[in-house]
Amino acid sequence: MAYNTISFDQRLSENIKNYSLDTLYGASRVFGFLRHLAQSHGLELMLTDRHGEKEVVVGEFSRFSLDVVNDPGYKIRVQGRTIAHLYVKEESIDPSEAGAIRELIEDTVSLLSYLGEQAYGYRESSIYVDELERSLKPSEERRSGQEKEDPLTGVLNATYFEKRAAIIDRSEIAPVAVVEANINDWKLHNDKLGDEGSDRLIRTVAGILKEEAKPEYVIGRTDGDVFVILITMPADGEAEDYVSRIRSRCDSCEDPYVRPSIAAGLAFKENVEESISDKISDAEYLCLENKLEIKNSAEYMERMQSF
């Protein structure tokens, strides 16, 4: 299939022509932001799509000679392709603030270009991985109904998670954030509450991992009390924020029977030459360091004394 014949970078370069303002952004939010920007600074501005169709108009542009080829205004570009044009009337800019206003407009264009890149990358990486998975999987395996989910938690089981990780490696997607989350004191729960109680702990943690994840995150239970999460093409700080949220959710959980707590390690696959399996090892090492730090903390010992 064609999915195997081009790299992910080639796909990104080619498929951007199929995207528009509406498919890349939450259009109503972007349009509302531009209207607020114009009104708050007394600006007259107009946003068009790549072909010159007007999307947002604030001010009087009825006599404006629109020519996106010869007078493109400020170009909003994604993957080197112009997807929109922003025009600002010079006469609407206060001369005393001209420098600051032009810098604000340029920053706005850069921000919209960046957000478009992120939205495009997320969408295409998710589609690409799914397509590549289907293309690599024999038809008889697709018909067999082979189990993918861990029956206790509903996340991917270890075998299928490894397959998804291998597919992401083959797809040449980078960067990829790799998070390992290890449940603290699973054995203590098992000793005190038996299998039913320790299973409850695992389900509780898995539920938090899923609730805090975006739909495109790949979550697997790779060992009894260990989960690994893959985040393809994360935004700046996205993976760190996810780790912070799942830790906080576990620590603040008020389950009457269990005391969920996780240690976490975060590593990044920065380029296509690196492998996710190597980064899982890095994340595991960092996770173990974090586990020692947590279990030696006064806060954690006090919390577990009430268990």
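Predicted model: local features only at pLDDT ≥ 70, side-chain atom pairs only at ≥ 80, totals over all residues.
Local features need pLDDT of at least 70, side-chain atom pairs count only at pLDDT 80 or more, and totals for chains, interfaces and linings use all residues. Residues are numbered from 1 along each chain as its sequence is written, and side-chain values use heavy atoms, with hydrogens and water left out.

Start with the rings. A search of the whole structure gives four aromatic pairs. Rings of Phe, Tyr and Trp (its six-membered ring) pair if their centres lie within 6.5 Å; planes under 30 degrees apart count as stacked, over 60 as edge-to-face and the rest as tilted. One of the pairs is Phe61 with Phe64. Their centres are 5.6 Å apart, and 75° between the planes makes the pair edge-to-face. Phe61 counts as buried because its relative accessibility is 3%. Phe64 has a relative accessible area of 28%, so Phe64 is partly exposed. Here buried means under 20% relative accessible area, exposed over 50%, and partly exposed in between (1.4 Å probe, protein chains only).

Phe64 also pairs with Tyr87, again edge-to-face, at 5.3 Å centre to centre and 65° between the planes. This pair links distant parts of the chain. Phe64 sits in the loop between β2 (54-58) and β3 (74-78), while Tyr87 belongs to strand β4 (residues 81-88), 23 residues apart. Helices (H or I, at least four residues) and strands (E, at least two) are DSSP runs, numbered from the N terminus. Tyr87 is buried, at 5% relative accessibility. Phe61, Phe64 and Tyr87 make up one aromatic cluster.

Now follow β4. Seven of its eight residues are buried. Strands pair if DSSP finds at least two bridges between them. β4 pairs with β1 (residues 45-49) in the antiparallel sense over five bridges. In that region Leu47 stands opposite Leu86 in β4. β3 and β4 also run antiparallel, joined by five bridges. Ile76 stands opposite Ala84 in β4. The hairpin of β3 and β4 has two residues between the strands. There Gln79 takes a positive phi near 55°, in a residue other than glycine. Gln79 is partly exposed, with a relative accessible area of 30%.

Strand β1 holds Asp49. Is Asp49 buried or exposed, and what is the nearest side chain of opposite charge? Asp49 is buried yet has no salt bridge; Arg50, the nearest such side chain, is 7.4 Å away. A salt bridge needs a side-chain nitrogen of Lys or Arg within 4 Å of a carboxyl oxygen of Asp or Glu. Lys and Arg count as positive and Asp and Glu as negative; His and the chain ends are not counted. Backbone nitrogens do approach the side chain of Asp49. That of His51 lies 2.9 Å from one of its polar atoms, and that of Glu53 lies 2.8 Å from a polar atom of the Asp49 side chain.

Two further backbone sites close the tour. Ala174 and Pro175 are joined by a cis peptide bond, with omega about 0°. Pro175 is in the loop between α6 (158-170) and β5 (176-183). Asp185 has a positive phi near 55° in a residue other than glycine. Asp185 lies in the loop between β5 and α7 (186-211), and is buried, with a relative accessible area of 17%.

Note on methods
Polar contact = N/O pair within 3.5 Å; in protein donor to acceptor, adjacent residues only side chain to side chain.
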